[in-house]
Amino acid sequence: MSLIRHLRYNRDVTTFPDAISVLSAMITPAVLISACGSLILATSDRLSKAVMRTREISTALIPRANDQRAEGREEERRMLFTQLDFVTTRSRLLQRALSRLYGALAFFVGTSVAIGLVAITSSKFTVVPIALGLVGAGLLLYAAFLLIKESRFALAAVNEEMDFM
């Protein structure tokens, strides 16, 4: 019998097996919380690298602004502006993914808390932890799609730069 069904029909969580099942259900979102934390760390690192790359490109562009318009220099400037466009797009995607990951993390923590509250209050609001968990999973899924899109931009930028070389 699932925890939600058990809580709906048996409002007493004072026995040890019932308390263990409530704690187990509260810990289950911890796996998703851990996954969000790992993705947040990795995405933050990717964002900081994108910001560093933006600064490198900007630094490379500044001396070229005053250069004479030689054909080779002009192509290099175009390539650098293209790279700047790629890295700007990547940074925006990473920032959006980070905000979705933080939202998912909050919803998974809320799911865990709601499971505990429903268990101790014998509440009929058993749909709340389910809804919180689904919203968190949806945000996690959306963030994953944003990260896939960002990685494709990163690959396109590398390919563009290699084609120039």
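Gln-83 counts as buried because its relative accessibility is 4%, below the 20% cut-off used for that label. The model is a predicted one, and in it Gln-83 sits in helix α4. Leaving aside neighbours within four places in sequence, Gln-83 is in contact with Arg-53, Ile-57, Ala-157, Glu-160 and Glu-161.

The largest nonpolar core has 21 residues, and within it Ile-57 and Leu-140 touch the most other members. Two or more residues of this core come from each of α3 (29-65), α4 (71-121) and α5 (127-164). The greatest contribution is that of α4, which gives 11 residues.

Not counting residues up to four places away in sequence, Leu-140 touches Leu-32, Cys-36, Leu-39, Leu-101, Ala-104 and Phe-108. Leu-140 is also among the buried residues of α5.

Helix α5 itself has 38 residues, and from its first C-alpha to its last it reaches 56 Å. That span is close to the 56 Å expected at 1.5 Å a residue. The buried residues of α5 are Pro-129, Gly-133, Gly-136, Leu-140, Ala-143, Leu-146, Leu-147, Glu-150, Ala-154 and Ala-157. An α-helix has 3.6 residues a turn, so residues three or four places apart point the same way. The list of buried positions in α5 can be read against that rule, for example along Gly-133, Gly-136, Leu-140 and Ala-143.

Ala-143 is buried because its relative accessible area is 0%, under the 20% limit. Apart from residues up to four places away in sequence, Ala-143 touches Ala-97, Arg-100 and Leu-101. Leu-101 is also on the list of residues that Leu-140 touches. In space, Ala-143 and Leu-93 are 9.2 Å apart, C-alpha to C-alpha, although 50 residues separate them in sequence.

The surface is the remaining topic. Phe-125 lies in the loop between α4 and α5. Phe-125 counts as exposed because its relative accessibility is 56%, and the label requires over 50%. Together with Val-127, Val-128, Ile-130 and Leu-134, Phe-125 forms a nonpolar patch on the surface. The accessible area of these residues together is about 500 Å².

Note on methods. Residues are numbered from 1 along each chain as its sequence is written. This is a predicted model: local features need pLDDT of at least 70, side-chain atom pairs count only at pLDDT 80 or more; totals for chains, interfaces and linings use all residues. Side-chain values use heavy atoms; hydrogens and water are left out. A nonpolar core is a set of buried Ala, Val, Leu, Ile, Met, Phe, Trp, Tyr and Cys residues joined through side-chain atoms within 4.5 Å. Buried means under 20% relative accessible area, exposed over 50%, partly exposed in between (1.4 Å probe, protein chains only). Helices (H or I, at least four residues) and strands (E, at least two) are DSSP runs, numbered from the N terminus. Contact means heavy atoms within 4.5 Å. The expected span of a helix is 1.5 Å times one less than its number of residues. Patches are made of residues with over 30% relative accessible area and no salt bridge: like charges are joined within 9 Å, nonpolar side chains (Val, Leu, Ile, Met, Phe, Trp, Tyr) within 5 Å. Accessible areas come from the Shrake-Rupley method with a 1.4 Å probe; for residues, only the protein chains shown count as cover. A salt bridge is a side-chain nitrogen of Lys or Arg within 4 Å of a carboxyl oxygen of Asp or Glu.
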